[in-house]
Amino acid sequence: MNARLLPFVVTCGIFVLAYGLAWLQFPAILSTRVIGNLLTDNAYLGIVAVGMTVVILSGGIDLSVGAVIAFSGVFIGVMLRDTGLHPYAVFVLLLLITTLFGLAMGAVIHLLEMPPFIVTLAGMFMARGAAYVLSIDSIPIRHPAIEAIQSAYWLMPGKGRLTLIAGLMLLTVAAVTLLIHRSPFGTRVMAVGGDARTARLLGVDVGRTTVAVYGLSGFCAGLAGVVFAVYTSAGYSLATVGTELDAIAAVVIGGTLLTGGSGFVPGTLVGVLIMGLIQTYIVFDGTLSSWWTKIVIGMLLFGFVALQKGLVQLRSRKGGGRRRARRQSAQGRAAA
Amino acid sequence: MTLPAGLARILPMLATLVLLVAAITVVSPGFLEISVANGRLYGSPIDVLNRGAPVALLAIGMTLVIATGGIDLSVGAVMAICGAVAAKMVTLGYPLPVTLLAALATGAACGLWNGLLVSVLRIQPIIATLILMVAGRGIAQLVTEGAILTFSDPGLAFLGSGAVLGVPFPVLLWTAAAVGTILVLRRTALGFLIEAVGVNARAAYRAGVNTRVTIIAVYVVSGLCAALAGLVVTADIRGADANNAGLWLELDAILAVVIGGNSLLGGRFSVVASLIGAMITQTVNTGILLAGFPPEYNLLIKAWIVLVILVVQSPRLRPLLARRRAMRRGTPT
């Protein structure tokens with residue numbers, strides 16, 4: 001079997017197993033209604049996590065996404081309140097802003113050769129700060145067009161509702177999956193994440209790829225912001241604090257290698273669903289406290305990182321044991 | 001005249017701090033006033049030193065971790081865990097020394113976990129410490145059982161709000177921790193070993209440095225610093241808040257280290273420069289409030305400061321600056 005897909009298979013297995021265990025205890029959990037809610041509640045997280053997957057595949061990280069989602073909500077709220085623009089026009093404007101913001105961060109990372117961690121940390125401060133400056137109060141978002149989006153759904157068999165925003169999330173996952181695994185751009189991203197120097201020697205424009213990756217992440221964060229604003233009907237500058245961590249956790253649980261260059265985009269969706277399932281289980285149980293979510297996610301993170309380490313080690317051992325041979329010869333020289 | 005190397009290293013940060021203080025004093029002239037009331041020092045400078053204590057403590061450990069090329073995202077969560085442990089033990093009636101030791105041991109254990117993940121399992125530091133960052137607040141809530149655990153023990157509260165000879169205790173604590181760390185690192189070879197690991201772990205290993213123990217040690221120190229910071233925060237509000245204690249302080253600590261001119265890629269480090277970095281951010285926070293700016297602008301100003309510092313530190317620009325400096329040195333003035 002393809003070793004790259006093994007983490008994905010394990011993730012899917014864990015999801016099915018966990019769902020099965022929950023089903024044994026609460027048979028009602030296996031209904032299209034619960035599944036529909038699971039998708040709707042985690043739609044924004046799914047979209048932002050897909051963007052994060054691409055960034056991590058390229059060997060980077062984007063800490064700004066949570067703040068960008070909060071900024072998006074406040075921006076939409078303020079624009080709808082203070083200008084006569086139609087929501088769709090505001091959405092387009094917002095996506096333009098967040099994409100440019102992502103592109104700018106990518107440019108800084110590439111041109112100044114700074115670690116993405118600290119550049120996107122500055123981006124996080126900037127987006128959160130911009131949201132504060134726009135408004136510190138929670139702004140209600142009301143408009144007939146937005147209400148229309150909220151109430152749009154497709155009735156699944158079993159009376160479950162696949163809402164428009166959940167559909168948008170699935171569509172984003174599908175589009176980015178095609179982009180990464182079936183297009184030259186995806187190959188370039190993987191190459192840069194695998195080894196930037198080798199990629200450059202192979203003729204990949206590392207700079208352009210890096211900038212594009214952060215632009216894509218900015219776009220996804222903006223889209224997640226739109227979905228979150230529609231989902232909560234409000235823009236609040238303190239919303240979605242720490243979402244970047246949830247997104248990173250979902251990417252890791254989804255089987256993407258954190259060093260970049262190896263992963264599978266749909267795995268991230270399963271990672272998001274596992275996290276959502278933990279929360280749903282806690283709601284069904286009713287006696288467990290919500291802090292168990294964090295502990296279980298932490299344990300899952302550890303399990304998956306350890307699994308990845310094991311796989312990588314196994315693969316490098318299978319690959320002729322070249323490194324070990326080199327180490328032995330070096331030790332031999334040292335002994336001599 | 002040539003400056004001593006140590007002073008030359010911290011001069012840019014010191015200059016930034018002085019300029020910042022001068023600018024704030026121009027806007028609000030009362031900034032530098034210090035008064036004595038009830039045998040205690042009061043005033044904005046004291047306030048900066050006191051409120052900057054948690055970040056300053058974290059910055060000490062974070063500097064060492066970053067010097068080895070690592071990063072510790074878990075310190076905020078570790079603060080919450082240690083604060084929760086201290087509050088729990090004190091409400092259960094344990095004596096203060098036992099409580100403090102337990103909190104410090106908890107911090108050290110958290111650091112040990114991070115260190116083992118990084119050095120033995122060879123997990124990237126960002127991810128290794130992310131695990132505890134995510135799970136840590138859950139663990140802290142497990143200890144406090146979801147509530148904000150309040151206590152009235154005067155001994156523990158002294159850590160946060162007490163004063164010795166008029167100086168607030170947190171200020172004494174972080175300066176003592178800093179002086180102790182610097183003496184241990186610079187009077188022995190330890191600081192040099194840490195730098196060796198940060199510059200090139202493999203070369204250091206070949207040269208006989210026990211890289212594994214060195215890396216574990218810096219994460220344990222970071223955990224201990226987080227424990228002290230957690231104690232100060234918990235003692236200050238006389239309660240352990242698992243959700244908010246130390247929230248996002250890991251980012252402030254990393255920022256302090258970066259403002260202090262330490263490279264995130266590891267290598268040479270200066271604890272003093274990081275501490276000045278911590279004081280710069282705290283001065284900005286206090287200054288913005290005093291100058292009458294709405295606190296909303298705080299984050300934006302912080303973001304711009306980070307960006308300017310990033311540009312100055314950028315590896316791309318460094319050859320340019322070095323060339324200019326060489327030219328200046330070449331022409332006699």
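The structure is a predicted model, in which local features need pLDDT of at least 70, side-chain atom pairs count only at pLDDT 80 or more, and totals for chains, interfaces and linings use all residues. Residues are numbered from 1 along each chain as its sequence is written, while chains are lettered from A and ligands numbered from 1 in the order in which they are written.

Chain A has 15 helices and four strands; helices (H or I, at least four residues) and strands (E, at least two) are DSSP runs numbered from the N terminus. The radius of gyration of chain A is 21 Å, close to the 20 Å that the globule rule gives for 336 residues, so chain A is as compact as a globular protein of that length. This radius is taken over C-alpha atoms, and the globule rule is 2.2 Å times the number of residues to the power 0.38. Along the principal axes, the C-alpha trace of chain A spans about 80 × 55 × 35 Å.

Chain B contains 15 helices and six strands. Its radius of gyration is 20 Å, which agrees with the value near 20 Å for a compact globule of 333 residues. The C-alpha atoms of chain B fill a box of roughly 70 × 55 × 35 Å along the principal axes.

For chain A, an unreviewed UniProt entry lists several stretches as "transmembrane region", including residues 88-111 and 248-278. UniProt positions are given here in the numbering used for the structure, feature names are shortened, and annotations may be inferred rather than shown by experiment. Residues 88-111 of chain A are 100% helix and 0% strand, with end C-alpha atoms 34 Å apart. Residues 248-278 of chain A are 65% helix and 0% strand, and their end C-alpha atoms lie 17 Å apart.

Attention now turns to helix packing. Two packed helices are described by the angle between their axes and the distance between the axes. Axes are lines fitted to C-alpha atoms, for helices over the stretch in contact, and angles run from 0 to 180 degrees between N-to-C directions. In chain A, the axes of α4 (residues 65-82) and α11 (residues 206-232) come within 8 Å and cross at roughly 50 degrees. The helices α4(A) and α11(A) are therefore oblique to each other; angles under 35 degrees count as roughly parallel, over 145 as roughly antiparallel, 65 to 115 as roughly perpendicular and the rest as oblique. Their crossing is right-handed. A crossing is left-handed if the near helix is turned anticlockwise from the far one by less than a right angle, and right-handed if clockwise. Among the residues that meet are V65(A), F71(A) and I76(A) in α4(A), and S217(A), A221(A) and F228(A) in α11(A). Two residues are in contact if their C-beta atoms, placed from the backbone, lie within 7 Å. By class, the contact of α4(A) with α11(A) has 10 nonpolar, six polar and no charged residues. Ala, Val, Leu, Ile, Met, Phe, Trp, Tyr, Cys and Pro count as nonpolar, Asp, Glu, Lys and Arg as charged, and the others, Gly among them, as polar.

In chain B, the axes of α4 (residues 75-91) and α6(B) come within 8 Å and cross at roughly 15 degrees. These two helices, α4(B) and α6(B), are therefore roughly parallel to each other, and their crossing is left-handed. Residues in the contact include A77(B), I81(B) and K88(B) of α4(B), together with L132(B), R137(B) and T144(B) of α6(B).

Helix α6(B) also takes part in the contact between the chains. That contact takes 33 residues from chain B and 38 residues from chain A. On the side of chain B, α6 (125-144), α12 (249-259) and α14 (297-313) each supply at least two residues. The largest share, 12 residues, comes from α6(B). By class, the side of chain B that touches chain A has 23 nonpolar, five polar and five charged residues.
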